Amino acid sequence: MKHTEPLEPSSYYHIYNRGINGEVLFKDEGNYNFFLQKYDHYISPIADTYVYCLMGNHFHFLIRTKAEDKIVSFYTKSGKENNKSVSSIMSYQFAHFFNGFTQAINKQSSRTGKLLELPFRRIVVDDDSYFSRLVYYIHANPQLHGVVSSFRYYAHSSYQSHLSTQPTKLMRDEVLAWFGGRAGYEKFHQDNIDLQEITSLTLE
């Protein structure tokens, strides 16, 4: 089942995608930062980000789209005529984000054509238990794929950012509060969760 329904305002989503034919998205370390910079530029105006993980050939985000009035206000202030639906505005931002990243990687790698599978996938997160398990699943991804022995030390996810005191645009306070604070957040990630229960969250 493909999850490609139009995005709605004020809603939580698991956003995920991968390279076309499994192609590697991040050719070097600098590509990870560039991807997040592009993401911030195009997606932060329309959504708040709670959790993320960037893998070699795919990525995951847990976001909450902003309220309709905020999305429309952003779009009109950007100098564009307000002739799009809210869902179209959000799709437009994601399209520009993906296109910008693809163009940069194509230039860097002397390649042409699509880099990411289209359309990107999204699943509505409308259950408290699902939200909690999704946080764990996204963070655990590098370990599940055998990239690292412990996901806690993976450099390209939000796990350590949630535990840091450095400034962040992530919804850090909200995530920690969801688990009852830092200790509860760490304990939840330490507990053995049966990942077979959330196979529907996987990209494969």
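**Group meeting: a walk through the model**

Okay, let's start at the end of a helix: just after helix 3, S110 takes a positive phi of about 55°. Keep in mind that what you're looking at is a predicted model. Why pick out that angle? Because most residues other than glycine have a negative phi. S110, a residue other than glycine, has a positive one. You'll find S110 in the loop between helix 3 and strand 4. Is S110 buried or exposed? It's exposed, with a relative accessible area of 71%, and the cut-off for that word is over 50%.

N21 belongs to the loop between strand 1, residues 12-18, and helix 1. With 75% relative accessibility, N21 counts as exposed.

P119 sits in the loop between helix 3 and strand 4.

In what order do the strands come? The order is 2-3-1-4, in an open sheet of 4 strands with antiparallel pairing. Strand 2, at 47-54, and strand 4, at 121-124, are the edge strands, and each pairs on one side only. On average, neighbouring strands are turned by 20° against each other, direction ignored.

Let's zoom in on strand 3, residues 58-65. With strand 2 it makes an antiparallel pair over 7 bridges. The two form a hairpin, with 3 residues between them. If you want to find the pairing on screen, D48 has R64 of strand 3 as its bridge partner, and L54 stands opposite F59. Strand 3 is also joined to strand 1 by 7 bridges, again antiparallel. There, N17 stands opposite F59 in strand 3.

What lies across strand 2 and strand 3? That's helix 1, residues 29-43, which runs at about 165° to strand 2.

Last topic, the aromatic rings. The structure holds 27 aromatic pairs. One of them is Y136 with F151: the ring centres are 5.7 Å apart and the planes are at 80°, so we call the pair edge-to-face. The cut-off for that label is planes over 60 degrees apart. Y136 is in helix 4, residues 128-144, while F151 is in the loop between helix 4 and helix 5, so the pair ties together parts that are 15 residues apart in sequence. Both count as buried, which takes under 20%: Y136 has a relative accessible area of 9%, and F151 is at 2%.

That's my tour, thanks!

Methods:
Residues are numbered from 1 along each chain as its sequence is written. This is a predicted model: local features need pLDDT of at least 70, side-chain atom pairs count only at pLDDT 80 or more; totals for chains, interfaces and linings use all residues. Side-chain values use heavy atoms; hydrogens and water are left out. Two strands pair if DSSP finds at least two bridges between them. Axes are lines fitted to C-alpha atoms, for helices over the stretch in contact, and angles run from 0 to 180 degrees between N-to-C directions. Contact means heavy atoms within 4.5 Å. Rings of Phe, Tyr and Trp (its six-membered ring) pair if their centres lie within 6.5 Å; planes under 30 degrees apart count as stacked, over 60 as edge-to-face and the rest as tilted. Buried means under 20% relative accessible area, exposed over 50%, partly exposed in between (1.4 Å probe, protein chains only).
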